[in-house]
Amino acid sequence: MHYVSTRATSASEARNPESFSDILLGGLAPDGGLYLPVEYPQVSAAELTAWRTLSYAELAYEILRKFATDIADADLRALTARTYTPEVYRNARADESSADITPLRVLADDADGKLVLQALSNGPTLAFKDMAMQLLGNLFEYALARNNDELNIFGATSGDTGSAAEYAMRGKRGVRVFMLSPQNKMSAFQSAQMFSLQDPNIFNIAVEGVFDDCQDLVKAVSNDLQFKVRQKIGTVNSINWARVVAQVVYYFRGYLAATTDNTQKVSFTVPSGNFGNICAGHIARMMGLPIERLIVATNENDVLDEFFRTGVYRVRKSSETLHTSSPSMDISKASNFERFVYELVGRDPERTHALFRKVDTHGGFDLSGAPGADGDEFKRVARYGFASGRSTHADRLATIRDVKARYGITIDTHTADGIKVAREHLQPGVPMIVLETALAAKFNETIVEALGTDAERPAGFENIEGLPQRFVAMAPDMALMKAFIADHTGL
Ligand SMILES: *Cc1c(COP(=O)(O)O)cnc(C)c1O
């Protein structure tokens with residue numbers, strides 16, 4: 001299995017197909033595009049049937065081996081077994097089995113259709129990013145050991161991604177994490193999650209500034225190629241291919257758990273931001289998984305909903321991005337979207353490149369087919385099963401209250417966006433699986449606003465704010481930052 005960039009033209013150096021291990025530690029392709037397999041591996045009906053009885057880890061192995069063909073089977077089996085164990089996914093609710101890893105719960109089954117929740121948030125940081133990041137940690141350690149190399153991950157976070165990365169990389173040989181966060185800007189719970197880690201390979205840096213200051217520092221370091229190479233700096237952002245492919249597994253798992261034979265179909269609704277999660281659903285569907293529809297749910301930052309309603313992709317300025325109560329979906333552009341657009345325009349890299357150049361120069365593109373538009377490919381969107389909807393703060397509050405009253409469970413704000421939109425797309429005879437992307441305890445302020453009581457905390461998180469914290473505070477100063485990194489890498 002080989003990978004090419006979505007922008008690889010005949011003249012580009014990324015034209016040469018690369019292997020899974022080649023792109024594992026990287027992000028963007030050198031030409032600025034995103035990596036995709038040359039073609040999607042297909043899953044036969046016989047395979048799908050055989051997979052019905054597998055454990056999550058075994059299923060992950062079967063799917064990943066179609067993509068990571070340059071990792072020895074026995075090694076991949078060991079890596080997936082170590083990643084997807086009840087040890088790691090121990091935060092399952094009282095009536096769920098942590099051995100299921102992503103247990104399903106039927107919320108409603110009536111004339112309107114069947115509404116199902118798939119729990120993806122039982123990992124160490126209580127959000128779905130653990131599903132992929134935990135595998136990435138093990139893959140990185142494996143690949144670095146094989147090459148006798150090391151990697152220093154440098155990133156900025158306003159919450160979720162940073163903690164998922166730290167919990168995945170803690171204690172991993174060959175990996176250090178330098179994570180910037182805006183000092184005193186995260187919730188007490190979020191800072192405690194990150195800062196209570198005592199592992200010597202994890203460095204939390206609380207920047208005296210806002211999130212944009214953190215991102216500017218990351219950009220500045222990325223642009224200093226010499227420093228980056230000498231210090232072996234890498235990132236783990238959502239465009240990483242291994243992260244996307246690890247997420248493909250739970251779509252298969254959800255389908256297999258919700259059906260009894262392969263003639264049945266299901267739909268998924270996905271609370272979306274950077275289009276990483278739902279992109280994995282699209283890939284599962286392209287591999288032959290019987291998915292009827294993929295519903296993109298956004299919050300007030302509705303750049304994706306706008307595209308899937310109109311065919312116009314119009315990125316927002318960062319000053320236009322709203323701070324909402326589902327903050328992990330507060331995006332101004334969707335960094336994985338290019339992977340779908342490439343497909344939509346018939347896997348034409350030159351056209352893909354032109355469209356995303358227009359994003360940079362004109363803030364977006366228009367595929368609606370209207371006079372003066374950049375194309376008419378929007379008419380093909382339904383072929384890929386996509387539809388969308390949006391949700392607001394008032395919708396989140398109402399949905400959290402309603403789900404609590406009807407089904408007795410407390411959902412988080414992102415999942416509430418998903419349920420609100422899923423209900424608008426129910427079809428009788430096709431189960432609708434909503435991906436639960438975080439547990440309510442992470443976003444307690446809004447739970448209190450909606451329900452008047454605190455969200456329940458999983459065991460072990462009761463007093464997380466009281467644990468000793470390990471972090472350094474630093475002015476937003478590039479020279480200080482570089483000196484700190486060099487001091488701690490010894491490179
Ligand atoms: C990251 C995140 C999302 C958005 O996922 P994308 O892959 O960026 O679309 C949604 N909900 C939660 C809780 C998240 O952490």
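I started with Y84, which counts as buried at 4% relative accessibility. The model is a predicted one, and I read its values as such.

I then looked up the ring partner of Y84. Y56 and Y84 form an aromatic pair, with 4.9 Å centre to centre and 55° between the planes. I logged the pair as tilted, because only planes over 60 degrees apart count as edge-to-face. Y56 lies in helix α3 (residues 56–64), while Y84 sits in the loop between α4 (73–83) and β3 (104–110), so the pair ties together parts 28 residues apart in sequence. I checked Y56 for burial as well: its relative accessible area is 1%, and Y56 is buried.

Next I went through the aromatic residues as a set. I found 30 aromatic pairs in the structure. I also noted one aromatic cluster formed by F275, F307, F308, Y313, F337, F340, F356, F365, F378, Y384 and F386.

Last entry, on helix packing. I took helix α5 (residues 129–146) and helix α10 (residues 241–258), whose axes come within 8 Å and cross at roughly 125°. That angle makes α5 oblique to α10. I recorded the crossing of α5 and α10 as right-handed.

Which residues of α5 and α10 meet? On the α5 side I listed K129, M131, A132, M133, L135, L136 and L139; on the α10 side, A242, R243, A246, Q247 and Y250. Sorted by class, the contact of α5 with α10 has nine nonpolar residues, one polar and two charged.

Terms used:
Residues numbered from 1 in each chain as written. Predicted model: local features only at pLDDT ≥ 70, side-chain atom pairs only at ≥ 80, totals over all residues. Heavy atoms only, no water. Axes fitted to C-alpha atoms, helices over the stretch in contact; angles between N-to-C directions. Helix = DSSP H or I, 4+ residues; strand = E, 2+ residues; numbered from the N terminus. Parallel < 35°, antiparallel > 145°, perpendicular 65-115°, else oblique. Left-handed = near helix turned anticlockwise from the far one by under 90°. Contact = heavy atoms within 4.5 Å. Nonpolar A, V, L, I, M, F, W, Y, C, P; charged D, E, K, R; others polar. Phe/Tyr/Trp six-rings, centres within 6.5 Å; stacked < 30°, edge-to-face > 60°. Buried < 20%, exposed > 50% of the residue type's maximum accessible area, 1.4 Å probe, protein only.
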